[in-house]
Structures are given as structure tokens and as C-alpha cells.
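Please read the following points alongside the sequence and the model.

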Amino acid sequence: MALKLYSIFHVNLLYSSIPEWKRREVIERCLWPLLGLATERLVPIAIEAPAQTLDIATRLDPSWMRALKEAVRSGIVEFVGSGYSQIVAPLVPSEVNEWNLQTGKEMYRRLLQTVPALWYVNEQAYSAGIVEHYVKLGAQGIVMEWNNPRALHPEWNDEYKYYPQVAVGTERH
């Protein structure tokens, strides 16, 4: 079986080491070339960003947001949701997680005219209690890295990392 590669690029203008005054430069030197990778070189990619980052980008460089919106609309870029802000879900109350994801969903709809089918687990911090929030969103899937959960489950077959898995929440449906 051939390994298929899927690349998701995380975009976050609120990353702690990016001073506010450098955000325009990040858009120009990082986000435009990333978008160009898909639109000019026709490399299929996914871009994930908190809605708050998209809101900031809309104010700082509306042309980048228009280009992203068009790339998503045309299917050149898949947009992956993550919520309004990048928060560590297991560390905050359930209501905060629900608000963060629902607000992100509403802002994606407003800014990109779409709601992502795929959602990124912020900070790769999974807990069974967050699954219900993604179900309420109508998410078709969530994405996170493999290594940390695998380290806690030595009984898992290493080959599983090549296949989609089923997330188990606290609710049984």
C-alpha cells in the first residue's frame, strides 16, 4: 500500500513570539508564499487557522483573505477549522470549549463563506470530553498528531498511524 501524504499548515498570527507590529510582515513573507504554493504551484494543501487570526488578517491584508477565500471556494486549498482562539481544551471548562468552537464556526462562515468539515485539535491536547463539541459542530473529522497518544498506548499496532481512527468521547451514541 502506498503512503499518501496530507499536509496541514498551521497559521496563527497570535503566536507568542510574533510581536503585533510584525504581523503584516508575517502575512507578506509567510502567508502569501504558503498560499502561492497551492495557487501557483498547484500543490494540494490544507490551511488551519483560528478564526481570530483570519479576522486580524482581514484587517491587515484584505487581499490575502480574498485570495484564501477563493482558493478554498475553488478547492485548491482545504480549510481546517480550530475555533475562535487556540486554547488548550482540557484545561478550560466545557462551556468555554463549546463557545470557542461555535464562535469559530460562525466566523469561518462569515469570513470564508464555508464551514470546515475537518477540525484541528488545538495544541494536540485531546480529551474524551471535547468530542461532543465537534459532534455538535457537525465536524466530519478531527486531526491531531499520532506520537503522543501512541506513547500512552503500547498495545496499539504501529501500522494504525497510517489509517484514520475513531475518536471516543464520553457519550455513547
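1. A residue is called buried here when its relative accessible area is under 20%, exposed when it is over 50%, and partly exposed in between, using a 1.4 Å probe and protein chains only. By that scale Tyr84 is partly exposed, with a relative accessible area of 22%, whereas Phe79 is buried at 5% and Tyr108 is buried at 0%.

2. This is a predicted model, in which local features need pLDDT of at least 70 and side-chain atom pairs count only at pLDDT 80 or more, while totals for chains, interfaces and linings use all residues. Residues are numbered from 1 along each chain as its sequence is written, and side-chain values use heavy atoms, with hydrogens and water left out.

3. How many aromatic pairs does a search of the whole structure find? The search finds four, where rings of Phe, Tyr and Trp (its six-membered ring) pair if their centres lie within 6.5 Å, and planes under 30 degrees apart count as stacked, over 60 as edge-to-face and the rest as tilted. Phe79 and Tyr108 form an edge-to-face pair, with 5.0 Å from centre to centre and 65° between the planes. Phe79 lies in strand β3 (residues 77-80) and Tyr108 in helix α4 (residues 94-112), so this pair ties together parts that are 29 residues apart in sequence; helices (H or I, at least four residues) and strands (E, at least two) are DSSP runs, numbered from the N terminus. Ring pairs also link Phe79, Tyr108 and Trp119 into a cluster.

4. The rings of Tyr84 and Trp99 have their centres 5.5 Å apart and their planes at 70°, so this pair too is edge-to-face. The pair links distant parts of the chain, with Tyr84 in the loop between β3 and α4 and Trp99 in helix α4, 15 residues apart.

5. In helix α2 (residues 51-60), the residues Ala51, Thr53, Leu54, Ile56 and Ala57 are buried. The buried residues of α2 pack against α1 (23-39), α3 (62-73), β3 and α4, with contact taken as heavy atoms within 4.5 Å.

6. Grid points are joined across faces, edges and corners, and a volume is the space filled by probe spheres set on the points. The largest pocket has a volume of about 1500 Å³, and of the 34 residues that line it, the closest to its centre are Ile142, Val143, Met144, Tyr163 and Pro164. Its lining has 25 nonpolar, six polar and three charged residues, where Ala, Val, Leu, Ile, Met, Phe, Trp, Tyr, Cys and Pro count as nonpolar, Asp, Glu, Lys and Arg as charged, and the others, Gly among them, as polar.

7. A search of the whole structure finds one cavity of 30 Å³ or more, and about 80 Å³ of space lies in the largest cavity. Helix α4 gives the most to the lining of this cavity, with three residues, and the lining as a whole divides into seven nonpolar, three polar and no charged residues.

Key
On a 1 Å grid over the protein atoms alone, a cavity is a set of points where a 1.4 Å probe fits but cannot get out, and a pocket is an open set with protein on both sides within 12 Å along at least five of seven lines; lining residues have an atom within 4 Å of a point.
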